Amino acid sequence: PRKIIIDTDPGQDDAIAILLALASPEIELLGVTTVAGNVPLARTQENARKAVELSGRPVPVMAGCDRPLRRPLSTAEHVHGKTGLDGADLPEPSIPLDPRHGVDFLIDTLRAHPAGTVTICILGPMTNVATAFLRAPDLVERVREIVLMGGGYFEQGNITPAAEFNIYVDPEAAETVIKCGRPVTIIPLDCTHKALTTRARVDAFRALGTRVGAVVAGWLDFFERFDVQKYGSEGGPLHDPCVIAYLLRPDLFAGRHINVEIETRSELTRGAMVADWWRVSGRAPNATFLKEVDADGYFALLTERLAVL
Ligand code: BDR
Ligand code: CA
């Protein structure tokens, strides 16, 4: 199986991504590192433990950075609710928080495995991974690939007119990660805004008749409300599980290998992703920017995989 670390700020969609990874035999989840993002770190680490516990397939969960590299933390309770996981009642998790710091876990795990064998999946602000790279530059070349949810180009922003949340919160971290020099695959809003939680898709989770199915449907019912109001779409975008789905079924996605830059200096466009889709800049490609997803295939994969938990 493909070895991965999930770096995350759950968040209902992050939690579903964790479940998808744990449900999939092609993936070996080495650990979950958490970061401040959708809600503060005390909540994201607890929410990650709840998701792992719900799967019945325990893996270590670590707490990482509690704030961005150089900026105050912005959170998104208006999207995810006060707990970050509103929509389903889950008990206090009994699996403990691993005492290692998330950044130390990233460094030690990448050093402990043969170079080029561990993939990092980033589902939140990229502070933990950037901190690991800045602290231990030797780490970068050990990474197999980074797959991240963040940014947008034709679908520019969701937290400001110019920026997507994960990048906006810590643009310097995103820049460090995207320019690291290892293969980077970006799943931006351009993809996720095509992966909508329509009524039929949410009902399919509920129809699994399992606890996981009911919890996921509850989360999506809560989480989509905000986006449906905002975009007027049928269903909200289901962002983060795309990262895991891409590892399982890259054929469901399409994009281009292009140059991607992050705006860090301007206040108005802070965290904007400048993706050279038309290859007009002359700058060297540094990332694969995915623009399309087969949404039916994506939701079918999710439903089929979550059924085993
Ligand atoms: C991203 O921000 C969070 O709200 C979601 O979990 C996702 O990672 C979408 O902009
Ligand atoms: Ca997230």
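**Strand S6 and its neighbours**

Strand S6 and strand S7 (residues 184-187) pair in the parallel sense over 4 bridges, pairing being called when DSSP finds at least two bridges between two strands. Helices (H or I, at least four residues) and strands (E, at least two) are DSSP runs numbered from the N terminus. The model is predicted, so that local features need pLDDT of at least 70 and side-chain atom pairs count only at pLDDT 80 or more, while totals for chains, interfaces and linings use all residues. Residues are numbered from 1 along each chain as its sequence is written, and chains are lettered from A and ligands numbered from 1 in the order in which they are written.

Trainee: Which residue in S7 stands opposite Val147?

Mentor: S6 and S7 are parallel partners. Within this pairing, the residue in S7 opposite Val147 is Thr185.

Trainee: Which residue in S6 stands opposite Thr119?

Mentor: Strand S5 (residues 118-122) runs parallel to S6, with 5 bridges joining them. S5, helix H5 (residues 127-135) and S6 also make a right-handed β-α-β unit, where right-handed means that, with the strands pointing away from the viewer, the path from the first strand over the helix to the second runs clockwise. Opposite Thr119 stands Glu145.

Trainee: How many residues of strand S6 are buried?

Mentor: A residue is buried if 20 or more other C-beta atoms, placed from the backbone, lie within 10 Å of its own. In the chain, 55% of the 309 residues count as buried. Strand S6 (residues 143-149) is mostly covered, and of its 7 residues the buried ones number 5.

Methods:
Buried ≥ 20, exposed ≤ 12 C-beta atoms within 10 Å, placed from the backbone.
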